[in-house]
Amino acid sequence: MAEYETHEFDVIVVGAGGAGLRAAIEASAQGARTALVCKSLLGKAHTVMAEGGIAAALGNVYPEDDWQVHFRDTMRGGKFLNNWAMAQLHAQEAPDRVLELEEWGALFDRTADGRILQRDFGGHRYARLAHVGDRTGLEMIRTLQQHAVHKGIDVFMECTIIRLLKDGDRIAGAFGYWRESGRFVMFKAPAVVLGTGGIGKAYKITSNSWEYTGDGHALALWAGADLIDMEFVQFHPTGMVWPASVSGILVTEGVRGDGGVLKNSNGERFMFRYIPEMYRAETAETEEEADRWYTDKQGARRTPDLLPRDEVARAINAEVKAGRGSPHGGVFLDIASRGSPDYIKRRLPSMYHQFLQLADVDITKEPMEVGPTCHYMMGGVRVDAESQESTVPGLFAAGECAGGMHGANRLGGNSLSDLLVFGRRAGQYAAQYAAGLESRPTVDPAAIDELAAQAVAPFEVGGAENPYAVQQDLQECMHNLVGIIRTEDELDKALEELTVLNERAARVKVEGHRQYNPGWHLALDLPPLLAVSECITRAARERRESRGAQTRDDYPDTDPELGKVNVVVRQRDGDLSLSLEPLPVVPDDLRKLLEDQ
Amino acid sequence: MTADTVTIRIWRGDVDGGFEEYGVAAQEGEVVLDVVHRVQATQANDLAVRWNCKAGKCGSCSAEVNGIPRLMCMTRMNLFEPGETITIAPMKTFPLIRDLVTDVSFNYEMAKKVPPFRPKPREPDGTYRMRQEDIDRVQEFHKCIECFLCQNTCHVIRDHDENEPAFAGPRMFVRYAALEMHPLDTNDRRELLQDRMGLGMCNITKCCTEVCPEDIHITDNAIIPLKERVVDDRYDPVMWVARKLRRRKSPT
């Protein structure tokens, strides 16, 4: 019999970034007994690193902006693969969610008339991102964190969930361990909200922190939920490339929003050569027009430096391949020649600080070197747009671990707003679900004994695999074979390597004891990492076209038929199965918005 | 790319533990956290260390490097002389859990005691209007990444555990200052600060300011103005009488 402590709640929220915090606040406000469970200390989740801003059609800088334009931009950015109802709710509700943060104490940068200032970002027709310099995520997580604490929500910090518990078809709770003591903990709850973020730690070069091991994706998959769009992994075009130890760290799109431009080793602003047909009508053709656009949105078209991220990442990749890269294998991002040192330091204080301290580069005097970095997972748990409920009763998901909102490619700024809009909805509907149950689910103790035995196996098995080495090899595999540019041969090779990595993960040996042991923690993070890696690889293989973040060298064109379906991944009896299932059809009145140039 | 071997001493175990020495490769451009991670991946898989963003934004990897409290992710290896032994110890003020990980729950308990933000009503058009110059000083406080290096350094609690129940510490004073100077806030925390949060125990030696990785002027911009506000409140005769009459309680 395993030893574990038991806690009983109405709603368990897993993950304490923007989505998890907002969900917990809402569930608690609905009267549900709510617990927030997170792997790190409170306030350290990945949201804290978000830089550029929160996209919301407040219309403070351009009164002509409204939810319809935001909806259109989001759908175009997602190459129309988005769940339209989520994109609509998101665009409609984001402004209220931003104003709510202000009411909870957030202090956004201001316009001259004292309202929330908005900044330009890729793929957004108007300056739309509410921001605080380049540390918007910090402001957001701190505001939500403090609000949640004042509301008295129970927080279980440094506690990792390793499996969801079920009673028949429905959710019954979650099982995990305290990182500090290594002791097990069981949460009994009829409703679970996943707000666990992404999968970046499956890749070698990433802007993501250690926590991003695909936990929510894997927990949902193992609990029988559907995942969609797993082939769409966003590579942010601008991560640091030098020094090697900091490669992948994010350089905000705000640099380009505030006037920075991309250049190759010839000093050429190469983005003008990479304007796709879909964006040609609204993109500047000359440098003169692009520069004028920053101050004249009506008389000039936007700079191609601010095309959506998938387009810019591919362009940088192509420039480097063509031998026009920077000394350390990226391209140049120049804001030094485009704004005064005072302007740059005021708009981009943490970028200034980051480059000066980590790379000895003064961005007010010289260009940055940047290149693509694994940044965001568009794919995730298939959810109902209104309620965020998955295909498993009682299981909800919001934010990065939910799928559908962003389609094939996410626009910058749409993540923070996604967390707020759908975090709130998930918390609301999870609380309502729990309150509406006639009978509460029960947990089978035998299932927990088995989970506990599996979890401590790495201390006992005879294997000799080092968990860090397995993770590094997985990251190499995904980086080399399932990266920005993909082919069927390489994806097949990746699947073979994943089989071997799974075998190695089963032989992982952990030294020491259970108290705060990162080697053991990593050993337990490997199963979700490997599970999402397989989902990504198999979904990428299934989508034989190029669209958004998925670029297939062997299928370079977009296939209109594949534009009508999601790749759905599910697990039954231990085996993954994939299917192509039709997208929800966009209603006619919204379709008209999409056709509007 | 040059790879040199460096000697690094890391605290292992609990309070009864000690420093262990590791020889490990260090490459150009690396930070202390990279080297600690390499020790962890290759020589000591169970080495306990907190970290998240590795970009100076989350405040998780605080430690004392050669005796100086700093973020390991923002401490470049080229700060040290070639051949110099680097000693990494956990933060001293907080109870040690294991290796470089300490129990920082004191800070989270103090955060629960901060009376919440209570905004005034919106303008008739549904907005809040604030001028940028009126929020600049509060935005400085909002830069805080909660690394707790200031708490670790503050001598009021560093060498005196007994002060902890009655002393919120520099991080929390920054938080109180952010609330008190917020243009929309209507709550008053001055009495609480003086009577139960130990504002008066700070004797402005500025040790906290020196270690702040975000360069927040903790002493000059947060603590001293708070002290002035408390003094204004305490020695204003009208306020004194009002307080006596109303026997006002500190907000909770």
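Of the 259 residues in the largest nonpolar core of this predicted model, V11(A), V192(A) and V193(A) touch the most other members. A nonpolar core is a set of buried Ala, Val, Leu, Ile, Met, Phe, Trp, Tyr and Cys residues joined through C-beta atoms within 7 Å; a residue is buried if 20 or more other C-beta atoms, placed from the backbone, lie within 10 Å of its own. Helix α16 (residues 518–542) of chain A gives the most to this core, with 13 residues; helices are DSSP runs of H or I with at least four residues, and strands are runs of E with at least two, numbered from the N terminus. Residues up to four places away in sequence aside, V192(A) touches I12(A), V14(A), L164(A), I171(A), A174(A), G394(A), L395(A) and F396(A), contact being defined by C-beta atoms, placed from the backbone, within 7 Å.

The contact between the chains takes 46 residues from chain A and 47 residues from chain B. On the side of chain B, α1 (32–42), β6 (96–98), α2 (105–112) and α3 (132–142) each supply at least two residues, and α3(B) provides the largest share, 5 residues.

Chain B is divided into domain 1 (3–102) and domain 2 (105–246), with bounds from an automatic or database domain assignment. Their centres, taken over C-alpha atoms, are separated by 31 Å. The contact between these domains takes 13 residues from each of domain 1 and domain 2 of chain B.

Residues are numbered from 1 along each chain as its sequence is written, and chains are lettered from A and ligands numbered from 1 in the order in which they are written. In this predicted model, local features need pLDDT of at least 70 and side-chain atom pairs count only at pLDDT 80 or more, whereas totals for chains, interfaces and linings use all residues.

Definitions and conventions. Contact = placed C-beta atoms within 7 Å. Buried ≥ 20, exposed ≤ 12 C-beta atoms within 10 Å, placed from the backbone.
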